[in-house]
Amino acid sequence: MSYLLYHPSCPWNRSDTDRRPIGCRSLASFLLRRKAPKHRKHIRQLLEQYGCDGFEGFLQVTHAPSLNDTFWIRRAGSSLNWRQMSPYTNPFNEIITQAAFDGQRPPDG
């Protein structure tokens, strides 16, 4: 599947080095820096539970936003836009927030 890097509503062009994320040499290197560190307590289990343990799942579920900048990822051909997924204007999922901070998950079922 093909993905594009956006900032915030415009696709990033690789030749546009002025707007390139710091340290971004490729989409893969950018994503490695975006994912939560797997050494954090419970993060591996949380990523697996929500289907985010591989790059494909991570992108489909999260779109790789950050509170530190306005870059994000969208599947080519998708109609998703910045307003729909911006972490600045949309509420956080309380279950994921709680699990990320303290490792607590609601019981299954």
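Student: Which residues of helix 3 (residues 55–62) are buried?
Tutor: This is a predicted model, in which local features need pLDDT of at least 70, side-chain atom pairs count only at pLDDT 80 or more, and totals for chains, interfaces and linings use all residues. Residues are numbered from 1 along each chain as its sequence is written, and side-chain values use heavy atoms, with hydrogens and water left out. Helices (H or I, at least four residues) and strands (E, at least two) are DSSP runs, numbered from the N terminus. With buried meaning under 20% relative accessible area (1.4 Å probe, protein chains only), the buried residues of helix 3 are G57, F58 and L59.

Student: Is helix 1 roughly parallel or roughly perpendicular to helix 3?
Tutor: The axes, lines fitted to C-alpha atoms over the stretch in contact, with angles running from 0 to 180 degrees between N-to-C directions, come within 12 Å and cross at roughly 70°. Angles of 65 to 115 degrees count as roughly perpendicular, and therefore helix 1 is to helix 3 roughly perpendicular.

Student: Which residues of helix 3 make the contact with helix 1?
Tutor: Contact means heavy atoms within 4.5 Å. Helix 1 contributes A28, L31, L32 and R34, while from helix 3 come F55, F58 and L59.

Student: What is the bridge partner of Y6 in strand 2?
Tutor: Two strands pair if DSSP finds at least two bridges between them, and strand 1 and strand 2 pair in the antiparallel sense over two bridges. In strand 2, the partner of Y6 is P11.

Terms used
Buried means under 20% relative accessible area, exposed over 50%, partly exposed in between (1.4 Å probe, protein chains only). Angles under 35 degrees count as roughly parallel, over 145 as roughly antiparallel, 65 to 115 as roughly perpendicular and the rest as oblique.
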